[in-house]
Amino acid sequence: MIKKIFELIDNAERILIITHVNPDGDTLGSACALKSFIGGRADILLQLPCGKKYPETYEFLPYLKEAKTLDNVQNIYDTVICVDVASIDRVVENARDIFDSAGVTINIDHHKTNKGFAMYNHVLGGISSAGEVLYEMFEKNGIEITPEVARCLYVSILTDTGCFKYETVTPRTLEIASNLAKLGVDTSDIARKCYDLKPRAMVLFQAYCVSEAKFLCNDKIAYTIVRKKDMERFGAKDEHTEGICENLRSIKTVEFACVLKETSPDATKVSLRSKEKDVTEIVKKFGGGGHIRAAGCTIRKKADEALKVLLEEIKKHL
C-alpha cells in the first residue's frame, strides 16, 4: 500500500492535504511534512471556519500562512490526502464535497478507531502519531527526509506523545526522534516553542477552568465545563482549552478527566482522558473516537445535559 500511495502522489496533478477539524500539532506537522515533500502541486486545507485561525503555537511551521481554509478552498483537486483524520465525519462542509468528488482519496492515520474511509488507506492504529506513520512511509519507500520535513515530523511526534510520555511511545518512536535530531532538528527549540511560549490569556483561562473543576466518586472523576461567557471574559481562543484535561488527569486520585466545551446552544464538545482505562469505549457511545487514554466526541445536548449522560457512561467503567 505504501508504494501504491507514493505512485498516486507522483501521478497526481493537484493535491489537497486535509487536516482534521480543530487542528493540533500532529495533523499540522504531518500536513506540512507532506506539503514539503510534494511541493507546489499540493495545498494544505486547514478545516477552520471563517474568521478562525490555527493555533498560534504552531506559527513557526512552514506553509501554514498560505494554507487554504473552509471559506476559500476550491474544488479543483484530483487527489485528496487526509492526515491524522480519524473518521470521515471529521471532514466537514465543502472539504467533504472536495473529498467525495476527488478521483483519488488517501487516508494516512494512527487512530485505532479509524475504519479506513478513503480509496487507499494506510492506518497504523496505536502508533504514537501520524508523524511516526509518515516517517515509516518515507523510510520504507527509500525517500530522503530533508531537514524541513524532519522538523515538521518532529513537531508531530513530540506534541502527540505529550513530550514522549504517553503509552504509545515505543523504542521505535524514540529511535525515530533520534534520527530526526541527527537530521538537524533543534529539539530543545521546538519544545520551547510548543510548550513554553503560551499566551497570557491561555494560562489565566486554564487556571480558572482547573479551579472550577468538580470531583466525583472519591475524586476518581474530575470534570470542568468551558462556557462561552468565560472564554469571552478571559479573551480565550478555542485552542486555549488544550491541556486542561491533561492537568486534571495529573491529579493523583483521578482516573477519568473530562472537559466539556460549549460549542453551540445544543452541542457540547467533550475531551476525555484516563490513566488506565480505554476511553474510546466511552466516547464511541456518542459517535466519537481517538486513542486508548485520550479521546473525544461531540454530544448534541446543552453542556449540563451532556455532562449528565457522559458521567453515567463513565461510571460504568470505574
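User: What should I know about the model and the numbering?
Analyst: This is a predicted model, so to speak of local features takes pLDDT of at least 70, side-chain atom pairs count only at pLDDT 80 or more, and totals for chains, interfaces and linings use all residues. Residues are numbered from 1 along each chain as its sequence is written, and side-chain values use heavy atoms, with hydrogens and water left out.

User: OK, how many helices and strands?
Analyst: Twelve helices and twelve strands in the protein chain. These are DSSP runs numbered from the N terminus: helices are H or I with at least four residues, strands are E with at least two.

User: Why does the radius of gyration agree with a compact globule?
Analyst: Because a compact globule of 318 residues would come out near 20 Å, and the protein chain has 19 Å. That radius is taken over C-alpha atoms, and the globule rule is 2.2 Å times the number of residues to the power 0.38. The C-alpha box, along the principal axes, is roughly 55 × 40 × 35 Å.

User: How much of the chain is buried?
Analyst: 50% of the 318 residues. Buried means under 20% relative accessible area, exposed over 50%, and partly exposed in between, using a 1.4 Å probe and protein chains only.

User: How does β11 join β12?
Analyst: Through two bridges, and the strands run antiparallel. G290 has A295 in β12 as its bridge partner.

User: And β1, what's on its two faces?
Analyst: Both faces of β1 (residues 15-18) are covered: I15 and I17 are buried on one side, L16 and I18 on the other. Four bridges tie β1 to β2 (residues 42-46), running parallel, and I17 has I44 as its bridge partner in β2.

User: Last one, A191. Where is it, and what does it touch?
Analyst: A191 is in helix α7 (residues 187-195). It counts as partly exposed because its relative accessibility is 23%. Leaving aside neighbours within four places in sequence, A191 contacts L158 and D196, where contact means heavy atoms within 4.5 Å. A191 and L158 are 33 residues apart along the chain, with their C-alpha atoms separated by 7.8 Å.

Notes:
Pairing = 2+ DSSP bridges.
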